[in-house]
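Hi,

Here is the structure I promised to pass on. Have a look at it first, then read my notes below.

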Amino acid sequence: MSLLVVGLSHRSAPVSVLERASLAVEAQTKLLQDTLAAEPATEAAVLATCNRIELYADVDKFHAGVAELSTLLAQHSGVGLDELTPYLYVHYEDRAVHHLFSVACGLDSMVVGEGQILGQIKDALALGQELHTAGRLLNDLFQQALRVGKRAHSETGIDRAGQSLVTFGLEQLAEGAEITGWAAGKCALVIGAGSMSSLAAATLARAGVEEIVVANRTRARADRLVEILGQAGVPTARAVEMGRVAGELTRADIVVSCTGATGLVLTAEAVAEALGVDFDSAAHASQAPASAVPDELDQHAAWVENGSAAQDRTVRRAPVRPAAVGPARIHLLDLAMPRDIDGAAHRVAGVRLVDIESLAEASADAPMAADVDQVRTIVADEVAAFGAAQRAAHITPTVVALRTMAADVVAGEIARLDGRLPDLDEKQRAEITQTVRRVVDKLLHAPTVRVKQLASEPGGAGYADALRELFDLDPQTVAAVSRADLNDPNRGRS
């Protein structure tokens with residue numbers, strides 16, 4: 001069996017396609033179940049974030065696997081296969097391992113170095129374990145990816161190369177100002193109470209906002225987030241029902257939305273109404289003279305300086321959806337996929353909107369930190385180590401089966417010896433048994449150690465088959481050893 005990943009991300013597909021292809025948890029569950037039901041796959045896991053959708057599988061046929069996984073992604077995403085195919089990428093074997101490890105380290109993120117992806121990888125593994133679609137290979141792969149990501153963040157300065165998507169988005173809203181000064185004293189409305197929304201609320205709290213209002217479909221989760229904010233020292237934090245969002249919108253200076261909704265949470269009309277303007281008339285009135293409007297709909301605004309005072313500073317420019325006319329009265333940050341906030345809201349006078357699409361464009365020109373090279377070296381080393389460990393693990397059940405067979409042969413011969421020499425006392429019998437076992441162990445030691453070394457090298461997969469053939473090992477015995485190892489409750493614990 002072989003590792004295969006088929007997916008699309010902000011690097012391969014426009015945000016409009018990613019938005020349409022996004023998978024809710026229910027869709028991810030059905031995708032995993034259908035993948036396992038497909039002939040080429042025996043294991044499956046799905047990594048679905050706001051800027052990537054990837055299906056991992058252990059397959060026995062490459063071309064059939066690619067075709068099947070691509071078809072399943074199209075079916076469950078709702079984007080036709082013909083439309084989806086140009087944006088798909090495929091990684092196989094070591095390249096697939098390299099890809100996931102790079103993702104775990106934040107090298108493939110929209111904001112290089114961000115650490116939120118580790119939580120998303122952990123969630124992907126947990127879903128695969130819950131549904132029993134992640135077996136030996138994917139359990140090992142995802143657990144090691146988590147360890148590699150943590151190693152990269154602890155041993156290098158990759159954290160300085162970027163920041164969370166939340167911080168990155170708020171920097172775009174702040175238009176070059178320090179977030180702390182820009183957000184101080186403002187009222188923030190956070191829509192959603194998941195991990196991204198919680199991070200947004202915590203970031204705003206540290207930036208010194210005066211009030212945070214949390215709206216969520218499940219009131220208990222909103223209440224819990226408010227409780228945490230209160231403990232963090234936010235002057236005013238309160239939870240409201242989703243039905244009160246429109247009213248809270250009239251008071252908010254900053255709105256951050258990241259829900260799992262499949263439709264819009266805020267329409268352009270609702271935003272206009274909150275500001276006391278008519279959307280249609282505002283949209284027409286906001287059209288600037290042709291000479292003042294760039295070819296693109298989005299204009300460019302300065303990025304804030306990134307890094308500590310001791311570091312070299314680089315001013316970066318990023319496309320943002322600015323307020324149509326005059327200074328912004330309300331700042332909207334949409335981190336959801338599919339989007340929560342109508343993209344047309346940026347045409348309403350007094351609105352500044354930053355969403356995943358504008359962040360993707362902004363991140364395309366982001367400078368890379370020197371630490372990235374160090375992380376790439378870590379990834380390369382870890383990929384080689386993982387491959388060697390997997391190849392060695394592949395032959396271990398065969399070696400165990402060989403030693404089990406040898407032990408059975410020794411036991412049988414000792415039993416026959418008892419029949420031929422019944423007068424042996426216990427001490428003599430024990431000495432003979434121990435001597436025979438030592439002989440067998442010494443004969444097997446060198447070849448089994450060497451075969452493990454050879455199997456861990458590239459191209460070493462055939463040594464397990466050779467060993468089974470040479471010693472006429474029962475395949476069922478080898479399979480039983482593999483199952484026992486997989487079901488070990490301590491397996492995979494770090």
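A term you'll need: a crossing is left-handed if the near helix is turned anticlockwise from the far one by less than a right angle, and right-handed if clockwise. Helices (H or I, at least four residues) and strands (E, at least two) are DSSP runs, numbered from the N terminus.

Bear in mind that this is a predicted model, where local features need pLDDT of at least 70, side-chain atom pairs count only at pLDDT 80 or more, and totals for chains, interfaces and linings use all residues. Residues are numbered from 1 along each chain as its sequence is written, and side-chain values use heavy atoms, with hydrogens and water left out.

Now the two helices. Helix 2 and helix 3 cross in a right-handed way. They pack at about 150°, with axes 10 Å apart (axes are lines fitted to C-alpha atoms, for helices over the stretch in contact, and angles run from 0 to 180 degrees between N-to-C directions). In the contact (heavy atoms within 4.5 Å), A27, K30, L31, D34 and T35 of helix 2 meet L69, L72, L73 and H76 of helix 3.

Then the sheet: 4 strands in the order 2-3-1-4, open, with antiparallel pairing (two strands pair if DSSP finds at least two bridges between them). Strand 2 (41–49) and strand 4 (89–92) are the edges, each pairing on one side only. Strand 1 (residues 2–9) pairs with strand 4 over 4 bridges, and V6 stands opposite V90 there.

Cheers
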